[in-house]
Amino acid sequence: MTTQAERRELREAVRDFLESVYPPISTDARVGAGDTRDEVLWGRAAGEIGLPGFLIPESQSGQGLGWTETAVGLEETARVLFAQPFLSSSVLATAAITESGEGAELLTSLASGRLIATAAFDDDADEPVTATRVGDKWQLSGAKDLVLDATNADCVVVTAAVGATVGLFVVEADDVTVVTHSGIDLTRSAARVQLTDAPAVRLGGDMGESVTRLRDLAALAASAELTGLADRALTMAVDYAQTREQFGKPIGAFQAVKHLCADMLTVVESSRAATAAAAAAADDAPGELSAAASIAKAWTSEQCTLATELLIQILGGTGYTWEHPAHLLLRRARTLAALFGVAATHRQRLAELLVAG
């Protein structure tokens, strides 16, 4: 694991890169940005800071970093509402392939940025995905819902029922049907992926226990992004409070506004601590991951969303306009709060873990 100083340097490097190559947050620049694939930008992210390869071992041309460092990257990409597939491809899909113990060539292609993948863990309630062996090949049928960046992916890493077990498969994007949702997050796409006798390549054996870990890691990743959104909301709020004047003085001089900013700072610091604890468990204490991930996701889902709402409150009427990007932070936060388990689900799961433990 890297030292705190090294993680601080990593944060600065990622932030400097993103601020240099990505346009400032605005409604015009961000709405719809996740609907298209930016090969040039993603290639620069791979070549200049190795972003797609954070979790990939050096033996597969990656950075060989852990979840503690990847959480930093997720925070920073969320701060700028990065529309490229860091979460879906470089984190979720990469983690799934790594857990299988196979697919080294896929990891190498992902690290280079040439291949973009996404992960599909959640079945459509009416069409759960099942795998069938046909000769020496596999076919998948069913549907997955709320799949991030599916419209831009080259392949999809899919969980599927194999009799009484769970398998992990890779399906080419050309072999599935993708129907994009009209969700509230306007900066990143989510879709329903339909599989009809789709040819697939299996990775690993029974992945039942690994899928539980993958869901925990997804909750951890969402918590890191939520923390980044809250941090950006705080920055926007403080900047506005220092420059917007009422009654001859900046509104930041008024106690009520100070209290709101202090509340936002508390959210950011506590969320970062909870996420860091979950990331440390993912790296070094796998037996503690489920509880730590549920704590982080339950907390950040509600509190970081609240931070984006407080930003709009501080902005006043400006915050309610389409032109100001504050609503984009709120939209992303509410979407992340709903993905990979809502707060109530994680609190219930944590209670069950504590009773069982």
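Is arginine 15 buried, partly exposed or exposed, and what is its relative accessibility? At 25% relative accessibility, arginine 15 counts as partly exposed; buried means under 20% relative accessible area, exposed over 50%, and partly exposed in between, using a 1.4 Å probe and protein chains only. Welcome to a predicted model, in which local features need pLDDT of at least 70, side-chain atom pairs count only at pLDDT 80 or more, and totals for chains, interfaces and linings use all residues. Residues are numbered from 1 along each chain as its sequence is written, and side-chain values use heavy atoms, with hydrogens and water left out. Helices (H or I, at least four residues) and strands (E, at least two) are DSSP runs, numbered from the N terminus.

**Salt bridges**

- The model has 22 salt bridges, each being a side-chain nitrogen of Lys or Arg within 4 Å of a carboxyl oxygen of Asp or Glu.
- In one of these, arginine 15 meets glutamate 76 with an N to O distance of 2.7 Å.
- Glutamate 76 is buried, at a relative accessible area of 1%, whereas arginine 15 is partly exposed.
- Both partners also belong to a salt-bridge network made up of Arg11, Arg15, Glu75, Glu76, Arg79, Asp231, Glu269 and Arg272.
- Lysine 144 and aspartate 123 form another salt bridge, also given as 2.7 Å from N to O. Because lysine 144 sits in strand 3 (residues 137–148) and aspartate 123 in the loop between strand 1 (117–120) and strand 2 (130–134), the pair ties together parts that are 21 residues apart in sequence.
- Here lysine 144 is buried, with a relative accessible area of 1%, while aspartate 123 is partly exposed at 36%.
- The side chains of arginine 332 and glutamate 225 meet in a salt bridge at 3.7 Å, N to O. Arginine 332 belongs to helix 10 (residues 326–338) and glutamate 225 to helix 7 (residues 208–243), so this pair ties together parts that are 107 residues apart in sequence.
- Arginine 332 and glutamate 225 are both buried.

**Around threonine 77**

- Threonine 77 is part of helix 4 (residues 67–79), and its relative accessible area of 2% makes it buried.
- Leaving aside neighbours within four places in sequence, threonine 77 is in contact (heavy atoms within 4.5 Å) with Leu18, Leu51, Phe82, Phe86 and Glu225.

**Aromatic pairs**

- There are 5 aromatic pairs; rings of Phe, Tyr and Trp (its six-membered ring) pair if their centres lie within 6.5 Å, and planes under 30 degrees apart count as stacked, over 60 as edge-to-face and the rest as tilted.
- Tyrosine 22 and phenylalanine 82 have ring centres 5.2 Å apart and planes at 65 degrees, so they are edge-to-face. Tyrosine 22 is in the loop between helix 1 and helix 2 (27–30) and phenylalanine 82 in the loop between helix 4 and helix 5 (86–100), so the pair ties together parts 60 residues apart in sequence.
- Both tyrosine 22 and phenylalanine 82 are buried.
- Phenylalanine 247 and phenylalanine 254 are edge-to-face too, because their planes stand at 85 degrees with ring centres 6.4 Å apart.
- Phenylalanine 247 is exposed, with a relative accessible area of 76%, and phenylalanine 254 is partly exposed at 29%.
- Ring pairs join Tyr22, Trp42 and Phe82 into a cluster.
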